[in-house]
Amino acid sequence: MLPRERVLRDYALELVHVLAPQIDKRDLRRVLDGNQEADWPTPPSWESLTQTITS
């Protein structure tokens with residue numbers, strides 16, 4: 001969890017985006033600033049992230 005009273009640095013924002021690419025960076029900043037409710041999309045499943053390699 002990222003505390004609201006702390007400044008969200010760009011590197012922390014980038015880390016959250018890498019770990020959860022379904023979350024828009026602008027929405028994350030709005031939620032952490034208290035200007036928007038957290039209504040995140042469902043994260044993808046591991047099965048949907050894996051791709052079969054064909055030759």
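Predicted model: local features only at pLDDT ≥ 70, side-chain atom pairs only at ≥ 80, totals over all residues.

Residues are numbered from 1 along each chain as its sequence is written, and side-chain values use heavy atoms, with hydrogens and water left out.

**Exercise 1.** Determine how many helices and strands the protein has.

*Solution.* Helices (H or I, at least four residues) and strands (E, at least two) are DSSP runs, numbered from the N terminus. The protein contains three helices and zero strands. Its pattern along the sequence is α-α-α. Of its 55 residues, 15% count as buried, that is, under 20% relative accessible area (1.4 Å probe, protein chains only).

**Exercise 2.** Describe how helix 1 and helix 2 cross.

*Solution.* First, the axes of helix 1 (residues 10-19) and helix 2 (residues 25-32) come within 10 Å and cross at roughly 120 degrees; axes are lines fitted to C-alpha atoms, over the stretch in contact, and angles run from 0 to 180 degrees between N-to-C directions. The two helices are therefore oblique to each other, the class left after under 35 degrees (roughly parallel), over 145 (roughly antiparallel) and 65 to 115 (roughly perpendicular). Next, on contact (heavy atoms within 4.5 Å), Asp10, Leu13, Glu14, Val16 and His17 of helix 1 meet Lys25, Leu28 and Arg29 of helix 2.

**Exercise 3.** Identify which element has the lowest mean pLDDT.

*Solution.* pLDDT is the predictor's confidence in each residue, from 0 to 100.

Key. Buried < 20%, exposed > 50% of the residue type's maximum accessible area, 1.4 Å probe, protein only.
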